[in-house]
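Try each task before you read its solution.

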Amino acid sequence: MDQTGITTETPKSPWGSVAPAAPSCSLAEVMSEQLARQLDEENNSFPALSETGSELLTADEAADTTSDLMLAQMLQMQFDREFDDQLRREEKKFNGDSKVSISFENYRKVHPYEDSDSSEDEVDWQDTRDDPYRAEKPQTTPRKGFTGKGKNITTKHDEVTCGRKNTARMDNFAPEVHVGDGLGMDLKLSNQVFNSLKQHCYSEQRRSARLHEKKEHSTAEQAVDPRTRLLMYKMVNAGVLENINGCISTGKESVVFHANGGSLEEQPVPDEVVLKVFKTTLNEFKNRDRYIKDDYRFKDRFSKLNPRKIIRLWAEKEMHNLARMKKAEIPCPEVVLLKKHILVLSFIGKDHVPAPKLKDAMLGSEDMKDAYYQVLQMMQKLYQECNLVHADLSEYNILWHEGKVWLIDVSQSVEPTHPHGLEFLFRDCRNVATFFQKRGVSEALSVYELFNTVSGLNVPVGAEDEAEFMAEIVALEKRNEDHVQRRGKKTFPVATEDGGPPPLKPDTDD
Ligand code: ADP
Ligand code: MG
């Protein structure tokens, strides 16, 4: 019993009664609880601060004010807004009623799109960064000719509207006209000012076009046009040429330069070469069309080409003709390269000094006689072996070099079956016969004999009447032409090196 009493009765402490101990908990629990309380307190204190800031945010964002970063951003934004408001006030004060206004736009802190709700009550604010006139500019006046009602009517003649439109129109001026940064301001140009600016702009454009034209033209006249210069430069760059020296000749159809050869596809180019640049100014070529458009080798291509490409055909034609001459061992320049309208040829001459033309060569009578026979033989070979008529043969296109005559300038050379081939040959013969007769070569044949000797034709010389002789020649050409027509184009292989139409015979009848 006693025992029971002992166990049930709480022993009395001599120090007094002890308060019941608090339920035990870990340190971590204590800490987290404190943190939660602290956060809660912060939360409760927040509304006073975020009252203005929270308007800007969506409900979700507003709920997220627990983040320090967000809080800081919101405060910053509030600060920026106040700064911008101040800026607006200052701008307004600064501009007053002035027609030309300045903008502090670039100093704004808040980006315009964030600020969209505030722009409604601040109508005088213009965002000059995008479209300076977006806010106020009436792009088009309605058909009735005005906008607004009653006192607020604005017509298309409104000074402000007009001025702004004029300023915007400056954008259409030519790119080289500097319009300043007027487009970035709210600048209003009166009609008078705008018109005189426009006038000035047009006349400037016309003037500069004139200058430009003149420059292009003159370079083409004096030497070569910019395109050609570029081509020449490329040749030097590619190592085909070492360098391009002076100009040897400026003729009507071509400009000839002296150059030092480099190497082409690992083949050495002759030490000294000439660049024959066919002129791209087309006027002079007009009267030479007959040399190429009736040449059956080029006829088909000729009709399809534009004038610039026709010039290239000349260079190509010279190249083909020189190749034929080389084959027949006629002394002539060798073709090194053809690039568009530039033909690179071996140089006839030495140490930069071109061989003289036969006209300028100071030959004694023996040499002159020798030259005559060489020319005669050369003409025969050209006609009979190369199947070509030079068509511009004279003492100007024959060079005298190392005791030999050299034939140059064969871009216009045609085959004897060309509709005017025999007439060209006759002209060549006359030039040659006249020159050597004048230079005292007594052996020189008459023009008629020379013609027959070269061509192997037997045109009756008759009373040595040129008109009669020419009539015979023309008849021959006509007969040949009919012959060609009947046999069709295809009977003459196109552009074969040595196969051309059959040689002409005086008595060809079918
Ligand atoms: P154009 O059609 O302008 O008359 P040419 O071929 O006759 O052109 O060349 C003009 C001049 O340039 C010639 O009279 C000659 O003095 C010089 N020339 C042309 N080709 C050569 C060359 N291969 N070597 C040296 N001089 C040349
Ligand atoms: Mg010439």
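Donors to a metal are N, O and S atoms within 2.8 Å of it (3.2 Å for Na, K and Ca), and water is not among the atoms, so sites may look incomplete. This is a predicted model, in which local features need pLDDT of at least 70, side-chain atom pairs count only at pLDDT 80 or more, and totals for chains, interfaces and linings use all residues. Residues are numbered from 1 along each chain as its sequence is written, chains are lettered from A and ligands numbered from 1 in the order in which they are written, and side-chain values use heavy atoms, with hydrogens and water left out.

**Exercise 1.** Find which residues coordinate the magnesium ion (ligand 2).

Step 1: Look for the donors; they are Asn397 (OD1) and Asp409 (OD), at 2.2 Å.

Step 2: Asn397 lies in the loop between helix 12 (365-384) and strand 12 (398-401), while Asp409 lies in the loop between strand 13 (404-407) and helix 13 (421-438), 12 residues apart.

Step 3: Check the burial, where buried means under 20% relative accessible area, exposed over 50%, and partly exposed in between (1.4 Å probe, protein chains only). Asn397 is buried at 8%, and Asp409 counts as buried at 17%.

**Exercise 2.** Work out which residues other than glycine have a positive phi.

Step 1: Recall that most residues other than glycine have a negative phi.

Step 2: Asp409, the metal ligand from the previous exercise, has a positive phi of about 60 degrees.

Step 3: His352 has a positive phi too, of about 70 degrees. His352 sits in the loop between strand 10 (349-350) and strand 11 (353-354), and its relative accessibility of 45% makes it partly exposed.

**Exercise 3.** Describe how helix 12 packs with helix 14 (residues 447-455).

Step 1: Take the axes as lines fitted to C-alpha atoms over the stretch in contact, with angles running from 0 to 180 degrees between N-to-C directions. The angle is about 50 degrees, and the axes are 8 Å apart.

Step 2: List the contacts (heavy atoms within 4.5 Å). From helix 12, residues including Tyr372, Leu376 and Met379 meet Leu450, Thr453, Val454 and Ser455 in helix 14.

Note on methods. Helix = DSSP H or I, 4+ residues; strand = E, 2+ residues; numbered from the N terminus.
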